[in-house]
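Please look over the sequence and the model shown here before reading on.

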Amino acid sequence: MSEEAVKITVRPNGPLRVEGHIVLKDADGKEWDLTGKPAISLCRCGASEKRPFCDGSHNRVGFQCAAGPGAVLT
């Protein structure tokens with residue numbers, strides 16, 4: 001039985017939306033309980049008080065990021 005691929009969507013000036021079978025662990029290997037959550041939004045701006053999850057703070061701080069498939073990776 002194969003699982004569907006995880007889908008990650010870069011929201012304009014916002015979070016990373018992650019959908020699918022997700023296993024999220026912290027730096028110590030502790031796993032978040034994502035039971036019943038088919039999707040999560042991960043903070044990109046660094047201002048969320050619920051990191052690593054997005055709480056909408058990107059709007060308050062005016063986060064801007066035009067990342068897309070044509071972006072240069074360094």
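A contact here means heavy atoms within 4.5 Å. Among contacts in the protein between residues at least 6 apart in sequence, 26% join residues at least 24 apart. This is a predicted model, in which local features need pLDDT of at least 70 and side-chain atom pairs count only at pLDDT 80 or more, while totals for chains, interfaces and linings use all residues. Residues are numbered from 1 along each chain as its sequence is written, and side-chain values use heavy atoms, with hydrogens and water left out.

**Overall architecture**

- The secondary structure comes to one helix and three strands, with helices (H or I, at least four residues) and strands (E, at least two) taken as DSSP runs numbered from the N terminus, and the elements run β-β-β-α from that end.
- Of the 74 residues, 20% count as buried, where buried means under 20% relative accessible area, exposed over 50% and partly exposed in between (1.4 Å probe, protein chains only).
- The protein exposes about 5800 Å², of which carbon and sulfur atoms supply 52%, the areas coming from the Shrake-Rupley method with a 1.4 Å probe.

**Strands β2 and β3**

- Strand β2 (residues 16-19) runs antiparallel to β3 and is joined to it by four bridges; two strands pair if DSSP finds at least two bridges between them.
- E19 has A39 in β3 as its bridge partner.
- In a regular strand the side chains alternate between the two faces of the sheet.
- Strand β3 (residues 39-42) is covered on both faces, with A39 and S41 buried on one side and I40 and L42 buried on the other.

**Cysteines and H58**

- With a disulfide defined as a pair of cysteine sulfur atoms within 2.5 Å, the count comes to zero.
- C45 is in no disulfide, and the nearest cysteine sulfur, that of C43, is 3.8 Å away; C45 is partly exposed, with a relative accessible area of 24%.
- C54 is likewise in no disulfide, the nearest cysteine sulfur being that of C43 at 6.2 Å.
- H58 lies in helix α1 (residues 57-61) and counts as buried at 13% relative accessibility.
- Not counting residues up to four places away in sequence, H58 touches N13, G14, P15, C45 and F63.

**Aromatic pair**

- Rings of Phe, Tyr and Trp (its six-membered ring) pair if their centres lie within 6.5 Å, and planes under 30 degrees apart count as stacked, over 60 as edge-to-face and the rest as tilted.
- The count comes to one aromatic pair: the rings of W32 and F53 have their centres 5.9 Å apart and their planes at 90°, so the pair is edge-to-face.
- This pair links distant parts of the chain, 21 residues apart, with W32 in the loop between β2 and β3 and F53 in the loop between β3 and α1.
- W32 counts as partly exposed, at 31% relative accessibility.
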